[in-house]
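Please look through the sequence and the model before reading on.

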Amino acid sequence: MSRVITIDPGKSKCGLVLAEISKKKVYKAIILKSEFIEDYVKNLNDVEDISKIIIGNGTTSREIVQKLGFLKKEIITFEEKNTTYRAKARYFELFPISGWKALIPREIFILNKNLDAISALIILEDYCKIKFTLNQNIEFKTWLK
């Protein structure tokens, strides 16, 4: 099955999601320094059947499109307006708060959290017009430095 990579680009860091559209499943979700995006996607492409790459049209998207051009894959830039803002709400859909923690204001759970990978997921969901599920218990705040 072919998979798709979605990237939420940024000056210093990028969110990246690897998913399979036909199964509506996310297989990887990470945050990495922007300078490592080219090598990471190249390595991922070596082990996965990547059919296309979707990149949010915000900060540094042009540079990332140019960096990934060597892959000879379909690269699509797609609207990413408000994805960072929407990522907070999507975080709680993916990781619901239960028990006594539900009494604490939700914002405390995402203070200083990097939600770039969830922003990448939202870009993918907007592009496909469907919600995705997680293949396993993926930690969306994982940093590859």
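Arg 86 counts as partly exposed, because its relative accessibility is 34%. Here buried means under 20% relative accessible area, exposed over 50%, and partly exposed in between (1.4 Å probe, protein chains only). This is a predicted model: local features need pLDDT of at least 70, side-chain atom pairs count only at pLDDT 80 or more, and totals for chains, interfaces and linings use all residues. Residues are numbered from 1 along each chain as its sequence is written, and side-chain values use heavy atoms, with hydrogens and water left out.

Arg 86 forms a salt bridge with Asp 126, with the closest N and O atoms 2.8 Å apart. A salt bridge is a side-chain nitrogen of Lys or Arg within 4 Å of a carboxyl oxygen of Asp or Glu. Asp 126 is also partly exposed, at 25% relative accessibility.

## Other salt bridges

The structure holds eight salt bridges. One of them joins Glu 125 to Arg 90, whose closest N and O atoms are 2.6 Å apart. Both Glu 125 and Arg 90 are buried. These two residues also belong to a network of salt bridges with Glu 93 and Lys 131.

Glu 20 pairs with Arg 3 in another salt bridge, at 3.2 Å between the closest N and O atoms. Both Glu 20 and Arg 3 are buried.

## Cysteines

A disulfide is a pair of cysteine sulfur atoms within 2.5 Å. The count of disulfides is zero. For Cys 14, the nearest cysteine sulfur belongs to Cys 128, 19 Å away. Cys 14 counts as buried because its relative accessibility is 0%.
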